[in-house]
Amino acid sequence: MRQPISRLCARLLAAAAVLGLAGCASLLQPPVTPGQSEQEVLTRLGAPSNVYQDGNTRLFEYGAGAFGQYQYMARIGPDHRLVSYQQVWTVENFHAIRPNVDTKQDVLNRVGRPTEVTRYARIPYEAWNYGFKESGVWNSQMTVYFTDAGIVQKVENGPDPRYDDSRMRF
């Protein structure tokens, strides 16, 4: 009688291992895939934090929140199907912003809304700050400066002051 119980336990353990591995594999896959309908994207991801028109496509922004370091965009084609879904706060995307050419809308279409908007006293520009995880490692802040006409003046990178623990005194 002991032998059937051990076989049953072995089978149960094997089934649990297979299910556990299947669960891990699903965590590594994106939540949506190109070709899915707009409704499937909305059902899976929920309502976007912002929607931007970019030519004949729409961009659904899934915001990072106050201390988030990642922001995702779902590009919906004119056929109401998902074209792409990607994390947009990357060094490559920030470096693609063109000073003296791009506008606020261009920046919104590329990287979405910032974590903070401010106007510094010593410079005559509005600054959009994006706190992001540079290369998946460093707590960085990309700042995009705009003229009063809404044109990008410059883009600069530095450490994210939200994570600066040198100011903490014990």
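Q: Which residues is serine 84 in contact with, leaving aside its neighbours within four places in sequence?
A: Contact means heavy atoms within 4.5 Å. In this predicted model, serine 84 touches Met73, Ala74 and Arg75 by that rule, its neighbours within four places in sequence being left aside. Serine 84 is found in strand 4 (residues 82–87); helices (H or I, at least four residues) and strands (E, at least two) are DSSP runs, numbered from the N terminus. C-alpha to C-alpha, serine 84 and valine 32 are 8.8 Å apart in space, and 52 residues apart in sequence.

Q: What conventions apply to the numbering and the values?
A: Residues are numbered from 1 along each chain as its sequence is written, and side-chain values use heavy atoms, with hydrogens and water left out. As this is a predicted model, local features need pLDDT of at least 70 and side-chain atom pairs count only at pLDDT 80 or more, while totals for chains, interfaces and linings use all residues.

Q: Where is confidence lowest, and where is it highest?
A: pLDDT is the predictor's confidence in each residue, from 0 to 100. The protein averages 86, and 79% of the residues score at least 70. Helix 1 (residues 2–28) has the lowest confidence, at a mean of 52, and helix 4 (residues 104–111) the highest, at 98. Over residues 21–27 the pLDDT is below 50, and this stretch has zero contacts in the model beyond near neighbours in sequence. Where pLDDT is low, the predicted coordinates should not be read in detail.

Q: Which strands are joined to strand 6 by bridges?
A: Two strands pair if DSSP finds at least two bridges between them. Strand 5 (residues 116–119) is joined to strand 6 by four bridges, and the two run antiparallel. Valine 117 has tryptophan 128 of strand 6 as its bridge partner, and a hairpin of six residues connects strand 5 to strand 6. Strand 6 also runs antiparallel to strand 7 (residues 138–146), with nine bridges; here alanine 127 is partnered with tyrosine 145. Three residues lie between strand 6 and strand 7 in their hairpin, and serine 135 in the turn has a positive phi of about 55 degrees.

Q: Is strand 6 mostly covered or mostly open?
A: Buried means under 20% relative accessible area, exposed over 50%, and partly exposed in between (1.4 Å probe, protein chains only). In strand 6 (residues 126–134), eight of the nine residues are buried.

Q: How many aromatic pairs are there?
A: A pair of aromatic rings is described by the distance of the centres and the angle of the planes. Rings of Phe, Tyr and Trp (its six-membered ring) pair if their centres lie within 6.5 Å; planes under 30 degrees apart count as stacked, over 60 as edge-to-face and the rest as tilted. The count is seven. One of them is tilted: tyrosine 120 and tyrosine 145, 6.4 Å centre to centre with 50 degrees between the planes. Tyrosine 120 sits in the loop between strand 5 and strand 6, and tyrosine 145 in strand 7, 25 residues apart. Tyrosine 120 is partly exposed at 33%, whereas tyrosine 145 is buried at 5%.

Q: Where does lysine 104 lie?
A: A charge sits over a ring if NZ of Lys or CZ of Arg is within 6 Å of the ring centre and within 35 degrees of the ring normal. Lysine 104 lies over the face of phenylalanine 146, 5.8 Å from the ring centre. Lysine 154 lies over the face of tyrosine 145, at 4.9 Å.
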